[in-house]
Amino acid sequence: MKRIGLIILSLLMTVCATQAQTANDSVRIKLQTTAGADIAIDGDWSSTNIMYTKVATGQHNVTVRYGSLFEKNYPIEVSTTGNTEFSFLIEGEANISSMPQATIIMDGIPQGLTPQTLKIVGTHNIKIKGDEKEYFDISDQITINPFETKNFSYTLKKRPPRLYGMVIANYTGCNAFGATLAMCRNWGAYLRIANAGGEFGQDEGYPKPYYKDGYYGTGIYKKKKQTYATVTAGVMKRCHKYLFAYVGAGYGEFGQTYEQIIDTDNEEPNYSTERCISGAKGVAGDIGIIVKYKALLLQVGYTSILTGKFGDTKWHHDPYIGLGISIHKNKKRN
């Protein structure tokens, strides 16, 4: 009986030692695959694409499955001194480019600017988002199978320019004030009116003779009146989002009335007067640009009365400047 007891005790000690050795040889490992795929080790499937588990040292079999499109077994070796993290990525590549450069948003998350290669698998919603003031966004749904490479190229469509109304007060070099009214999207039209007041070609009477210390002046000119008026209209072109150019024609008139005092004997106030009227009227040409900054407008232009000369004036030219505001409907852009 004593001998049988020793044998049983020896067997129990052997089993305990074996169990202890087995426990000491188990290792905690991490398995990972691409999001959307399933992973298993020795037939034990994880509920996510990342799996933490404790296995014995030695050979094991990892299975990666992506729906009905892909399934593959990968053998691994687990040891107490070796690797404990194993990745089995089955990503494909989506090469995305756009004109002009834009931001890629995939499944609601920004991914950076184009061009770019995204390592993904499965079906994803993407948006190509450019400057919202200049371009429409592009939305698309792309599908990449495991280890597949696809190229996606997008051309953003430009938004039509906003329709701007413009109101500008301007000042012409001959001391005339006026206004410009315009409306433009890509093409447009304008109307400009300027006036210095007064009646064209009418004087206001004769000046008094120049007299000082018994001397009557000779060849004295006195300017009595200047008149100016133009009405022009024409076409406008949007050259840039901040720059508009225009050219037009219409009617204009410009006149100056002088009186000249001429002393005849230089001793007595015996003099004669001459009225001198010069000017131009007829067709007027107009050209200029308008620079836009936010709602503020700066106008620089040049107008010329081209025909109908009289007196000693052949043509008449005047630069002008203006300052105004733009008006547009602030429509929300989706």
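Tutor: A polar contact is a pair of N or O atoms within 3.5 Å; within protein, one atom must be able to donate a hydrogen and the other to accept it, and residues adjacent in sequence count only if both atoms are side-chain atoms. In this predicted model, local features need pLDDT of at least 70 and side-chain atom pairs count only at pLDDT 80 or more, whereas totals for chains, interfaces and linings use all residues. Residues are numbered from 1 along each chain as its sequence is written, and side-chain values use heavy atoms, with hydrogens and water left out.

Leu 89 is found in the loop that lies between strand E7 (85–88) and strand E8 (92–99). With a relative accessible area of 43%, Leu 89 is partly exposed, a class between buried (under 20%) and exposed (over 50%), judged with a 1.4 Å probe and protein chains only. Beyond its neighbours within four places in sequence, Leu 89 is in contact with Thr 33, Thr 34 and Phe 147, contact meaning heavy atoms within 4.5 Å.

Thr 33 belongs to strand E1 (residues 26–33). Thr 33 is buried, its relative accessible area being 1%. The side chain of Thr 33 reaches the backbone oxygen of Phe 88 at 2.7 Å. Leaving aside neighbours within four places in sequence, the contacts of Thr 33 include Asp 38, Ile 39, Phe 88 and Leu 89.

Definitions and conventions:
Helix = DSSP H or I, 4+ residues; strand = E, 2+ residues; numbered from the N terminus.
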